[in-house]
Amino acid sequence: MTLWRIRATVDDRPGYLSVLTASLALRGVNILSVQVHTTEAGAVDDFLVDAPDTLDESDLIAAVERGRGRDCWVARSEARGLADQPTRVLGLATRLVHDPEETGDALRALLGADDVAWRPTGVTGGIDGTTMLLPDPAGGSYRLHRAAPSYTPAEYARAQALVELAAAVSRRAAEHVTLALPDGAELLVRPATADDLAGVRELHEGCSARSRQRRYFAGAALPSPARLRRLLEPAEGLTLLATTTGGPGGPAGRVVAMANLVAEGDEAEVALLVRDDWQRRGIGTALLRRLVGQAERAGVAAVLLHVQVENGPMMRTLRRLDRATTVEREGSLVTVTMPVTPDAAPAAVPPVPAAVPPASAAVSPVRRRPC
């Protein structure tokens, strides 16, 4: 027996598929699997079959045509074709999660393409017979070609899903950066997710009461799990975490700092918390720079920070950003406004309030509402 792939278009009418399968069965052909691709011209049926060695390509085409199939394509298959399509696609997706640079090879394996080429120019996606044009969400486009058979809309949708997965993995990888501290230690800076709840709670437990009070103003108690969840994934904004990479800094993955950017209208408010034993090492400055950059990309006009008057370390961190700011004082609270859009008029940098001896580099909570 020999493995073959057969693809043919069948009228999408009751009983027509059974006529085709009966025609194959009369010649001793065993159907191992079938996929149905819906198209405007009818249902394109893709069979993996086991046929007697006495049958050749012309025999199989004749059997399909006698079974009312048309536009028939037949080709030898290999044992790996026995894996069902969902299993193959999941395997390719797993491969892309580990290495999104293999997108071209994954598309070739998925569709049996003879040629896969990436181009820097964008295209309107679509299929034209045996050629497929596929936009790359990361920029550029893919052109796929094979001798036969013609591509179907279902195949285009599968290819598009793989390309989007690879782009998402690439974006996620780009958002993860290694921060080298002046003392030689390294931290991983990345966006927070809901799965970080336990690590962020441990961060708060590892901070002194004074650090937590400087961050939240409302006291030194630990924030509730519900509040921490809101901080991890704000509706409008971004939360960054700095985590250890192993070695002297402790086990890999331990959260040592958290920075929040919460947007409201054309302004965004920033807050920061650094564990006490990691303060004075440049982490706050690095996180704030990344958040301000995110605010710029989002088109925010200005970033606001609210700092206690006695929080000298935080004021020094803001000065290290070397950006124009305005400072307003109201009692024990200082509000720092930092224009971030290119067309925002830079303001003069006024003297900052005097500070008492430093204890924490945490930013105080956002203005007038909990963050």
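Biologist: Which residue forms a salt bridge with Arg-108?
Modeller: A salt bridge is a side-chain nitrogen of Lys or Arg within 4 Å of a carboxyl oxygen of Asp or Glu. Here Asp-105 is the partner of Arg-108, with the closest N and O atoms 3.0 Å apart. This is a predicted model, in which local features need pLDDT of at least 70 and side-chain atom pairs count only at pLDDT 80 or more, while totals for chains, interfaces and linings use all residues. Residues are numbered from 1 along each chain as its sequence is written, and side-chain values use heavy atoms, with hydrogens and water left out.

Biologist: Where do Arg-108 and Asp-105 lie?
Modeller: Helices (H or I, at least four residues) and strands (E, at least two) are DSSP runs, numbered from the N terminus. Both residues belong to helix H4 (residues 103-111), three residues apart, which is about one turn of the helix.

Biologist: Is Arg-108 buried, exposed or partly exposed?
Modeller: Buried means under 20% relative accessible area, exposed over 50%, and partly exposed in between (1.4 Å probe, protein chains only). Arg-108 has a relative accessible area of 30%, so it is partly exposed. Asp-105, at 39%, is also partly exposed.

Biologist: How many salt bridges does the structure hold?
Modeller: There are 15. One of them joins the side chains of Arg-7 and Glu-155, at 3.1 Å from N to O. Arg-7 is in strand E1 (residues 2-10) and Glu-155 in helix H5 (residues 153-175), so this pair ties together parts that are 148 residues apart in sequence. Arg-7 and Glu-155 are both buried.

Biologist: What does the salt bridge between Arg-214 and Glu-310 tie together?
Modeller: Their side chains meet at 2.4 Å, N to O. Arg-214 lies in helix H7 (residues 209-216), and Glu-310 in the loop between strand E14 (302-308) and helix H10 (312-320), so the pair links parts 96 residues apart in sequence. Both residues are buried.

Biologist: Which residues do salt bridges that share partners join into one network?
Modeller: Arg-5, Arg-7, Asp-46, Arg-146 and Glu-155.

Biologist: Now contacts. Which residues does Thr-285 touch, not counting residues up to four places away in sequence?
Modeller: Contact means heavy atoms within 4.5 Å. By that count, Thr-285 touches Thr-317, Arg-320 and Leu-321. Thr-285 sits in helix H9 (residues 283-297). With a relative accessible area of 10%, Thr-285 is buried.

Biologist: How far apart in space are Thr-285 and Met-314?
Modeller: They are 9.2 Å apart, C-alpha to C-alpha, and 29 residues apart in sequence.
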